Amino acid sequence: MSNSASNSAGNYGDSDTSPNRREKGDENGGENRGEAPDSPTRGPTRRPTRRQARSSSKDITPLLKGWDYEPGTINVRKVSGIDGQPKLQMRLDLGLLQMELTGRPDGQKPHGCESLLEYYESLLKEHETRNGTELGFHLTGQQCQSLREEAVMYYHRYLSLFVLEDFPGVVRDTDRNLRVLDLCGRYAVDEQDRLVLEQYRPYITMMNTRAAASILFKDQRYAEALKRVKEGIGSIREFFERFGQVKAMSRSNEVRVLKRFAREIKRKMPVDPLARLKAELNKAVTAERYEDAAKLRDEIERKNAMADTHKDHG
């Protein structure tokens, strides 16, 4: 299955990554492995036949056949790996990225941990246990650089998972990248390392919020979804306030995306008759239609009285 979504932003992608097109595909993501070259102890080598040369080729062109790169889109698909496990692929202009669906996207386990983040978090925990405090724990510039490079892997994956509507995976990976920002922001030795990733916090927060709210939205838990979106907007507001840039929030693309999602959720929510009457009353008063306003006020009072009677008999 191959999916694509529009993408027109910078290093961390477009904030509006709603899936807009799907394609079907059954490409095999496995690698054709050729034989190892003859060793000196195995005697003279033989010139490979044309068929053998083709079977030994590492050329990825066959993998890309029928899956053209489309500028301005995010094209992703799931394939079956040679280990029998599903893999995630993102189409790029010069090829593709292949990622594991769980663990570190490149499948590595640095220092025996799931990722460098988990490794440094374990070192922090050991430091606190040994010293009774976090004071004295620091991350060097090189360590922060390695964490940033690792975070980019997770960025590519959560963006791909969002296109495929794997929202739990997006929540997992964005939560994880937010922890990277928190770790570097608190323990980096150099101020630049503490701040360089903060510019991405609104975007990661927005993606995390959209994914979490989308899970609730798909389950028709609209009130909870709307609450989650409002919490996300609140987190982004706290970010701008922390850096003294409250005015910049009005220009935030991340806030715009979340507010649009909130409107979409509200359209799905059942209309509260009393809330509708109050909205109409406000409009009537604003428009100085006082006769209509009086009627609406009487209707609201009547409904409130009926609700109170129902409570008394309940």
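Reply:

**A salt bridge and its surroundings**

The side chains of Arg201 and Asp182 form a salt bridge, with 2.9 Å from N to O, the term meaning a side-chain nitrogen of Lys or Arg within 4 Å of a carboxyl oxygen of Asp or Glu. Because Arg201 lies in helix H7 (residues 201–218) and Asp182 in helix H5 (residues 167–187), the pair ties together parts that are 19 residues apart in sequence; helices here are DSSP runs of H or I with at least four residues, numbered from the N terminus. This is a predicted model, in which local features need pLDDT of at least 70 and side-chain atom pairs count only at pLDDT 80 or more, while totals for chains, interfaces and linings use all residues. Residues are numbered from 1 along each chain as its sequence is written, and side-chain values use heavy atoms, with hydrogens and water left out.

Arg201 counts as buried at 15% relative accessibility, whereas Asp182, with a relative accessible area of 43%, is partly exposed; buried means under 20% relative accessible area, exposed over 50%, and partly exposed in between, for a 1.4 Å probe and protein chains only. The side chain of Arg201 also meets that of Glu198 in a salt bridge of 2.8 Å, N to O, and Glu198 is buried at 5% relative accessibility.

Elsewhere, the side chains of Asp219 and Arg221 meet in a salt bridge at 4.0 Å, N to O, with Asp219 partly exposed at 47% and Arg221 partly exposed at 36%. Salt bridges that share partners also join Arg104, Asp106, Glu150 and Arg176 into one network. A search of the whole structure finds 20 salt bridges.

Note on methods
Helices (H or I, at least four residues) and strands (E, at least two) are DSSP runs, numbered from the N terminus.
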